[in-house]
Amino acid sequence: MPGPRRAADDYDPPPQLPAAPEPELPPVPLSLPHSVLKSLLGAWALAACSTEETAAVEDHLTECAPCAEEALRLRDAVGLLHHERDLDLDPLLRSRVLENCLGRRPARVPVPDWAGPYDAETARLDALLRDIGAAEWHAPVRLKWFDGERPATRRTTVAGVIGHLLAVDGLVASSLGLDDPVGGPAPVAPADRTEAYWREAQHPPTRTVRGPWRDQSHTLIRTVSFAGRGVAELSVSYGDFALPLRDSLLERAFECWVHADDIANAVAYPYEPPSGAHLHGMVDLAARLLPAALAQRRRAGLAGPARHLVTAGSPGRSLHLEVEGSGGGDWYIPLDSPAALGSPDRRVAQVAMDGVEFCQLVAGHIAPEEAAAGQDGDREAIKDVLFAAASLSRL
């Protein structure tokens, strides 16, 4: 039905159509000197330049052959930064990049030499973890050690191993006044701490444990780097024994490498031993701990009696530990008292081993009866030292 008619003054004009948008003009390249344009090549390769800067750089590349060649190399380098690419690159790439960066701008607060092995081993393990798939975090791993008289094992997963490292590294963190990942009151013995961490987890550990572990290792390195020289002698308690911080971080570097190798074997990933200098430090730490470990086994009735006691600081009956290969050297282990000095003149036995094989013995991954390629001299002394080396291992 039609409605009432309206007056002429009430007439609505037809709606106006929107004006057609003006066409966008191409950006006008900036007029920049060659030195500025060359400095923008890195940002251009990362697509981080403004529209005007991009136009200026690309206009310049049509005229300057050296800059065009550099731009092509930078674009290729950016392609390698894609996180889904295969990480099986030249193994020396990382060291060359770091060397180049440090050569251009040295670190203002360098990492102490004694913390270098821990820094290197945690970085290597983190690279392995970054390269494995989500399902591989649940791959079974069997941890091995020597409980004093016989081999022992504990079954876990890749994620469980990282939880173990996180929990025990927390002892070092606590000694520096940092947060303890286990929470308080937490056990001090490494095995008890690990079991407590695994029990308190709401579910089986997953790949999410990588973040807290890596954050903690970064914080430890940063803290000791800023703390100065005196912190190296700070005592770190492991329950039934203690180590100065410099030795504790070396011990943690050793554990990190051993368990990284456990993980690598579980996921079929190639993994190399530490560098020669770092491996030498690990062997040296084990050699320095052997006299006390031997004395402890003797008190427990697990080693032969002392034969020739001497005053503290005097040369005593010794075993020559000859470690061959990368990280090798010669150590003389006092046999009758940890307070005696090892001496080549008082040598009664000799053991020759490869450096990696010796570390595998100390980790409890090789039985004492199967270790040592070369043995000469007092058979009881050799057996006691090899078993003492294996007894340095633990969960």
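Of the 395 residues in the protein chain, 41% count as buried, where buried means under 20% relative accessible area with a 1.4 Å probe and protein chains only. What you see here is a predicted model, in which local features need pLDDT of at least 70 and side-chain atom pairs count only at pLDDT 80 or more, while totals for chains, interfaces and linings use all residues. Residues are numbered from 1 along each chain as its sequence is written, and side-chain values use heavy atoms, with hydrogens and water left out.

The protein chain has 13 helices and eight strands; these are DSSP runs numbered from the N terminus, with helices being H or I of at least four residues and strands E of at least two.

Let me turn to the sheet. Four strands form an open sheet in the order β6-β5-β7-β8, and the pairing is mixed. Because β6 and β8 (374–377) stand at the edges with a single partner strand each, one side of each is left without a neighbour in the sheet. From one strand to the next the twist averages 30 degrees, with angles running from 0 to 180 degrees between N-to-C directions and axes fitted to C-alpha atoms, for helices over the stretch in contact.

How do β5 and β6 pair? Strand β5 (residues 315–324) and strand β6 (residues 329–334) are antiparallel, over six bridges, and two strands are said to pair if DSSP finds at least two bridges between them. Leu-321 has Trp-331 in β6 as its bridge partner, and in the hairpin, with its four residues between the strands, Gly-325 takes a positive phi near 80 degrees. With strand β7 (residues 341–354), by contrast, β5 pairs in the parallel sense over nine bridges, and there Ser-318 has Arg-347 in β7 as its bridge partner.

Helix α13 (residues 379–390) packs on this sheet and touches β5, β7 and β8, its direction making about 135 degrees with that of β8; contact here means heavy atoms within 4.5 Å. Helix α11 (residues 276–299) lies across β5 and β6, running at about 10 degrees to β6.

Finally, a helix pair: the axes of α7 (residues 158–175) and α10 (residues 245–266) come within 11 Å and cross at roughly 180 degrees. The two helices are therefore roughly antiparallel to each other, a term used for angles over 145 degrees. Among the residues that meet are Val-161, Leu-165 and Asp-169 in α7, and Leu-249, Arg-252 and Ile-263 in α10.

Key. Angles under 35 degrees count as roughly parallel, over 145 as roughly antiparallel, 65 to 115 as roughly perpendicular and the rest as oblique. Buried means under 20% relative accessible area, exposed over 50%, partly exposed in between (1.4 Å probe, protein chains only).
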